[in-house]
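Hi,

Here is the structure I promised to pass on. Have a look at it first, and then read on for my notes.

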Amino acid sequence: MSDALHDPGTGTPGPPATPVLSATGLTVRFGGRPALADVSLDFPRGRIVALIGPSGSGKTTLLRALCRMNELIPAAVTTGSVRFEGAELYAPEVDPAEVRRRIGVVLRESALFPGSIFHNVAFGPRASGFAGDLHALAEEVLAAVGLWAEVGGDLDLPASALSAGQRRRLCIARTLAVRPRVLLLDEPASALDPVAAARIESLIHSLAGDVAVVVATSDLRLAARVSDVTAHLDRGELVECGPTGTVFTNPRSKRTEAYLTGRIP
Amino acid sequence: MTPLATRDLLGTACRLGAALTLTAAIALLGVLLVQALGVVDVGFLAGAPSRFASRAGVGPAIAGTLWLAVLTAALSFPVGIGAAVYFEEYAPRNRLAGLAGSALANMAGVPPVVFGVAGLALFVRGMGLGPTILAAGLTLAMLALPTVLVTSRTALREVPRGVRDAASALGATRWQVIRRQVLPAAGPGIVTGLTLALTRTVGAAAPLLVLGAPAFVTHAPRTPGDILTALPTQAFTWSTRTEADFAALAAGTAVTLLVLLLTVNLGALVLRRRLR
Ligand SMILES: Nc1ncnc2c1ncn2[C@@H]1O[C@H](COP(=O)(O)OP(=O)(O)OP(=O)(O)O)[C@@H](O)[C@H]1O
Ligand SMILES: [Mg+2]
């Protein structure tokens with residue numbers, strides 16, 4: 001394990017003005033044209049950032065780059081820098097597993113593990129050598145996503161017995177169980193009915209503050225409602241980034257305006 | 001002929017094929033069982049080979065085959081599963097690794113007798129083990145290895161990408177992902193492959209005959225260093241005798257082998273249920 005990332009729990013927190021996570025000149029290639037091109041973006045502490053942009057614009061690629069998940073794809077080449085609490089995540093001595101414990105990601109295609117709800121929640125903490133009470137931890141994170149009451153406190157319930165919306169929240173809960181400082185969510189409310197989507201939305205609101213949240217979504221209404229800051233990506237480039245209200249009502253860039261109004265450039 | 005009539009004809013042909021297959025299987029088992037009926041009893045299972053058909057038994061051969069099964073499993077399972085994990089999870093995705101992988105996979109199609117010849121040169125003569133249980137166990141392990149590798153690789157490959165991604169995203173190291181999620185998920189499939197490899201291998205007579213399994217062994221092997229005897233070679237030996245009594249002994253030996261292999265399959269079934 002690496003000491004290059006100091007523990008935010010015991011270490012000195014930076015001044016509130018400094019971002020918790022900060023990407024500089026981040027570029028990702030899967031062989032050809034960059035999927036993410038020279039993106040520099042700050043993620044403020046405890047706030048919600050929405051990444052918007054058309055399909056293929058690099059939202060997922062950026063999320064994966066922020067937690068070093070792209071290196072699991074053999075073809076991916078990443079350059080540039082990501083700093084977390086001041087430490088360079090792409091430094092050679094940094095253990096990617098350690099990075100992923102600090103910066104948790106829920107990918108759209110991430111699967112639940114076969115087995116019980118408990119098994120799903122306990123996997124992450126166990127992998128990082130958690131020595132405390134796993135049942136108490138499971139209750140805490142399941143309550144945080146509103147699942148504890150819904151399953152009647154039954155941790156042995158098979159995860160496959162849950163509805164689609166509940167599964168999505170279980171994915172978030174098991175990520176929270178690792179106690180990340182930043183939570184990355186890829187299309188968190190896609191393909192859910194309006195009620196389930198609304199629950200996810202209020203969950204995101206309730207989580208922010210303790211953690212910084214980054215939501216990649218092609219659902220503009222979700223982005224507008226849920227986020228403090230919005231970043232617009234197009235063809236791997238960062239087109240515009242600013243306070244959500246400003247970006248949505250008065251975008252600086254013509255490309256952003258065109259995207260928001262549904263005009264094809 | 002109208003297309004419909006052609007389809008009818010094909011359907012009839014398929015049904016005929018199914019009926020023939022079933023008939024062949026029943027005939028095979030029936031002939032064996034009828035012949036073996038008067039032979040297989042406690043004396044036969046516990047006794048040793050004899051010049052007199054009425055006194056002959058397969059005790060040493062059963063012990064030999066059990067030894068071979070244990071040795072084959074102990075040698076080929078960990079190595080084969082380990083190699084499968086390496087090729088699927090660690091090996092670089094380049095042409096060399098691909099070539100090595102498919103060369104090993106093709107070994108699964110090499111006839112058992114070839115392994116016998118190699119084992120004779122390598123273990124019986126080269127290492128000077130002689131025609132022992134150990135030499136045969138090593139040879140059968142080599143025979144089982146490609147099948148273990150291929151089936152385990154397939155089982156590992158079928159574990160969904162999302163499971164690996166999710167486990168990595170939760171901060172698990174590469175080894176933790178494999179050990180805690182990928183291997184358990186692939187478990188039932190791996191067990192199926194191991195069963196196939198073991199039953200095919202332990203039932204083969206050719207490699208053991210090539211190694212020089214003696215025709216007449218009256219003492220059950222107690223250690224791997226003891227002289228080789230096994231059910232398939234015992235069945236072969238008795239089948240070469242012309243007297244009808246010995247043909248029945250061969251059938252009895254074959255049925256004993258079948259029951260042993262069936263037990264392995266049943267055990268695998270239970271294990272798969274547990275793993276799921
Ligand atoms: N594993 C991969 N291998 C090769 N190319 C990839 C891979 N993953 C993404 N890409 C490419 O990178 C680009 C950006 O993809 P990405 O998934 O980040 O877009 P996205 O904005 O998340 O799109 P969507 O809204 O459809 O999820 C696309 O051109 C895609 O083809
Ligand atoms: Mg995406």
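Before the notes, one definition: a contact here means heavy atoms within 4.5 Å. With that cut-off, take the contacts in chain B between residues at least 6 apart in sequence: 75% of them join residues at least 24 apart. Please keep in mind that this is a predicted model.

**Chain B overall**

Chain B has 11 helices and 0 strands, so to speak a plain run of α-α-α-α-α-α-α-α-α-α-α from the N terminus on, by definition of how the elements are numbered. Along the principal axes, its C-alpha atoms fill a box of roughly 70 × 65 × 35 Å. Chain B counts 276 residues, and 43% of them are buried.

**Helix packing in chain B**

I looked at one helix pair here. Helix α3 of chain B (residues 59-90) packs against helix α10 of chain B (residues 231-239) at an angle of about 145 degrees, and the axes are 8 Å apart. On the α3(B) side the contact involves B:A61, B:I62 and B:T65, which meet B:L231, B:P232 and B:Q234 of α10(B). Sorted by class, that contact has 4 nonpolar residues, 2 polar ones and no charged ones.

Two residues of helix α8 in chain B are on my list. B:P188 sits in this helix, which covers residues 174-202. Is B:P188 buried or exposed? Its relative accessibility is 13%, so B:P188 counts as buried; the cut-off for buried is under 20%. Leaving out neighbours within four places in sequence, B:P188 is in contact with B:R272, B:L275 and B:R276. B:V163 is 25 residues from B:P188 in sequence, and their C-alpha atoms are 16 Å apart in space.

The other one is B:I178, also in helix α8 of chain B. B:I178 has a relative accessibility of 1% and therefore counts as buried. Not counting residues up to four places away in sequence, B:I178 touches B:V85, B:E89, B:Y90, B:L183 and B:P184. From B:I178 to B:S168 is 10 residues along the sequence and 9.9 Å in space, C-alpha to C-alpha.

At 62% relative accessibility, B:A244 counts as exposed, because the cut-off for exposed is over 50%. B:A244 and B:Y86 are 158 residues apart along the chain, with 52 Å between their C-alpha atoms.

**The cores**

Now to the nonpolar cores. The largest one has 39 residues, and those with the most contacts inside it are A:I117, A:V121, A:L142, A:L170, A:I172, A:L185 and A:I204. Which elements of chain A each supply at least two residues of this core? They are α3 (117-127), α4 (134-144), α5 (164-176), β7 (182-186), α6 (194-207), β8 (212-216) and α7 (220-226). The most comes from α6(A), which gives 6 residues.

Setting aside its neighbours within four places in sequence, A:I117 is in contact with A:L142, A:V151, A:D154, A:L155, A:L157, A:A159, A:L162 and A:L170. There is also a second, separate core of 35 residues, which includes A:L66, A:I103, A:V105 and A:A231.

**α4 against α5 in chain A**

The axes of α4(A) and α5(A) come within 9 Å and cross at roughly 135 degrees, so the two helices are oblique to each other. The crossing of α4(A) past α5(A) is right-handed. A:V141, A:L142 and A:A144 of α4(A) meet A:L170, A:A173 and A:L176 of α5(A). The residues of this contact are 6 nonpolar, no polar and no charged.

Most residues other than glycine have a negative phi. A:R68 is not a glycine, yet has a positive phi of about 55 degrees. A:R68 lies in the loop between α1 (59-66) and β4 (77-84) of chain A and is buried, with a relative accessible area of 9%.

A:R179 also has a positive phi, of about 60 degrees, without being a glycine. This one is in the loop between α5 and β7 of chain A, and at 46% relative accessibility A:R179 counts as partly exposed.

Cheers

Notes: Residues numbered from 1 in each chain as written. Chains lettered and ligands numbered in written order. Predicted model: local features only at pLDDT ≥ 70, side-chain atom pairs only at ≥ 80, totals over all residues. Heavy atoms only, no water. Core = buried A, V, L, I, M, F, W, Y, C linked by side-chain atoms within 4.5 Å. Buried < 20%, exposed > 50% of the residue type's maximum accessible area, 1.4 Å probe, protein only. Helix = DSSP H or I, 4+ residues; strand = E, 2+ residues; numbered from the N terminus. Axes fitted to C-alpha atoms, helices over the stretch in contact; angles between N-to-C directions. Parallel < 35°, antiparallel > 145°, perpendicular 65-115°, else oblique. Left-handed = near helix turned anticlockwise from the far one by under 90°. Nonpolar A, V, L, I, M, F, W, Y, C, P; charged D, E, K, R; others polar.
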